[in-house]
Structure formats: C-alpha cells, structure tokens
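Let's take a walk through a protein model together. Have the sequence and the 3D view open, and follow along.

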Amino acid sequence: MRDAVGSFVGWPSDLIFPDAETPTRPTHKVGKGISRRIESVASQKEVPGRKLKSAAKDIPTTSGTKSQIMMRLEKMVDESDIMHGAIRSIDFDEGVFGAAHFEIIAKEDMQQLFEHDELGIAVIHTYIWYMYVTLMRGTELCNRFNFIAASRINATLITKNPTSVKNDLVDRFMATGDNTTPSLYFLPFNSGNGGHWVLVAMDLSRLIVYYLDSLSGDWSKYPSMKKTVDAAIIKFRSKKNYRNRKDITWVRVQCPQQNNSVDCGFFVLRFMRDMIALNRIDIPKMYFEEYKSYSRAHLDEIKDELCQFIVDQRII
C-alpha cells in the first residue's frame, strides 16, 4: 500500500475508473454510505487560534500513545461494516474546493490514522474539510485561504495530461473571484513517486508561490509541477486581463523537517493549519517563530482533531 500513497487506494472492480481523474459517484452506496452537509460551527467573532484550541480542548493526548478519542473511533471502525470492505461516500461543501466534491473513506484510510502511517488523498482531503467547517466557514478566513483538491492536480495527472491539469487549476482560480487582494491557495501536491507530499501555497495578487517541503530540496525536484502552476497563473491573469507586473516568484520556506519516511502528509496538514490559525498570508522564509519544529504531539493533535470530527459527524 505504501506505493499507492497519494493516490486512491484499491477498490472493488466496479468502483475503478481508469480514465477518470477522480472517480465518478457510484450509482449505489456500499454499506451505509452517508451524504450530508454540516451546519457551520464557525463564529465570525472568534479568533482562529482560539477556535483551534477550543476544538481540541477535550481531547486528552499523550505523545506516542493513542488518545481516548482515537481509541473510541478505532472501536467504532472495528465494529462497523467498514472492516468487511464497506465504504463511506461523503459530500463536501462546495466552498472547500470551489466545486462539488465527494470523498470515499475506507478501512485503509482509517488505519493510516490509527497506525500513524503514510497518508493518502482521502485523509488529506477530510482534514481539509475539517479545517474549512470548523475554522473558516462563515468567517472572513474564506476570503483569505482556499484549497485545491490533490486528486485533481498531482504528478501522476500532470504526466498524463498537463494541459487538462493546468485548466483545472485555472478553473479553481476563476471560481474564487478576481484574486486582487492577498490570499493563499493551498495545493497539497503528491509526487506520485513513493507518495511524498509537499505544500504549494500561491498568492495570485502578489505573484508569489511558497514551497514547503518537510524533506530537503526545492521545487526543482518537480519541474513539471512548477511549469504547470506558472502556466495556470499566467493563463488566469490573461483571462482576467491583468497585466503581469513582474515574474512569478517562488520562495522555498525553511519549514519544520520530518525525521522519518511517513510524516510528510501530517506535516503538510500542519503547515496549512498553522497559517490558518495565525491568519497569515505572508509566510516568512524561515517559517513562523511559533512553529520552528514539530514534535510528535503536534502531529498527534492533527490525528485527534480529525478523529473527533469523524465521530461528531457520524461518518462511520
């Protein structure tokens, strides 16, 4: 399974769509699949960082051990039909990725959380959904932070059809508005080669692209990705009749670094969480003083927040 990280995990044959960039919604749901929209719990008067602390305040965590909420969810999964091959199909708010989106959750995705394993697209997307619902929706943060679906733009798809990927990226930009005020587009980008995750954060108004990689190196490792992102930004500005005042500037951020082979997905989620919590559009080249490094507890917090969200929304 490690080789499949960053792509959709294996499903029964009737759910495999080899020619589609994202799977078509099945005509029937396997097991008890849900389709729901969640009422906003965001308050315009609350500070983003305070909301994060509030969301996790009742989650007892000990670094390196499973929290009570994780053990509770693990028990729910063990007792569900997911353990026998069933899945859950979840509808996301259109505001999350700028268009209708659904995600499939299966046993393998839950095990990534429980075992602290390499993360796939489903877990990455579901935590993004959590951040949107819990921290952003109904607040001005929706005008400052936007998400791009990793299932639509990744190394595998760029290799297959770079023009289509570029156009998808332009469509995402167009869905938001004129993009003349500073804001960030978060793209969790998967290498498709061993499943490494990096974060690309784009500020279209200032023509700045921030690159955050929890391993050493910069965007030169993924030249096709950079070429596609640059081309999409230029095409978007052309469609909007904006003049390109200057070249696109890429900034490699000296972000926290992982010390194993599995944490990249957790780090990408934590990067996005930090920026939203701090409400920061400008990313310092040496990263934020508040988060110079990540302990295991920082990553466990991500898992516990997602476990609590899955329980609260009765996804299982």
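Predicted model: local features only at pLDDT ≥ 70, side-chain atom pairs only at ≥ 80, totals over all residues.

Residues are numbered from 1 along each chain as its sequence is written, and side-chain values use heavy atoms, with hydrogens and water left out.

First stop: helix α9, residues 264-278. Helices here are DSSP runs of H or I with at least four residues, strands are runs of E with at least two, and both are numbered from the N terminus. Since 14 of its 15 residues are buried, α9 is largely enclosed by the rest of the structure. Buried means under 20% relative accessible area, exposed means over 50%, and partly exposed is in between (1.4 Å probe, protein chains only). Just after α9, N279 takes a positive phi of about 55°.

Now hop to strand β3, residues 145-147, where N146 sits. N146 has 6% relative accessibility, so it counts as buried. Leaving aside neighbours within four places in sequence, its contacts (heavy atoms within 4.5 Å) include R172, Y185 and F186.

F186 also belongs to the largest nonpolar core, whose 67 residues include F147 and M275. Such a core is a set of buried Ala, Val, Leu, Ile, Met, Phe, Trp, Tyr and Cys residues joined through side-chain atoms within 4.5 Å. Helix α5 gives the most to this core, with 13 residues.

Methods
Expected span 1.5 Å × (residues − 1).
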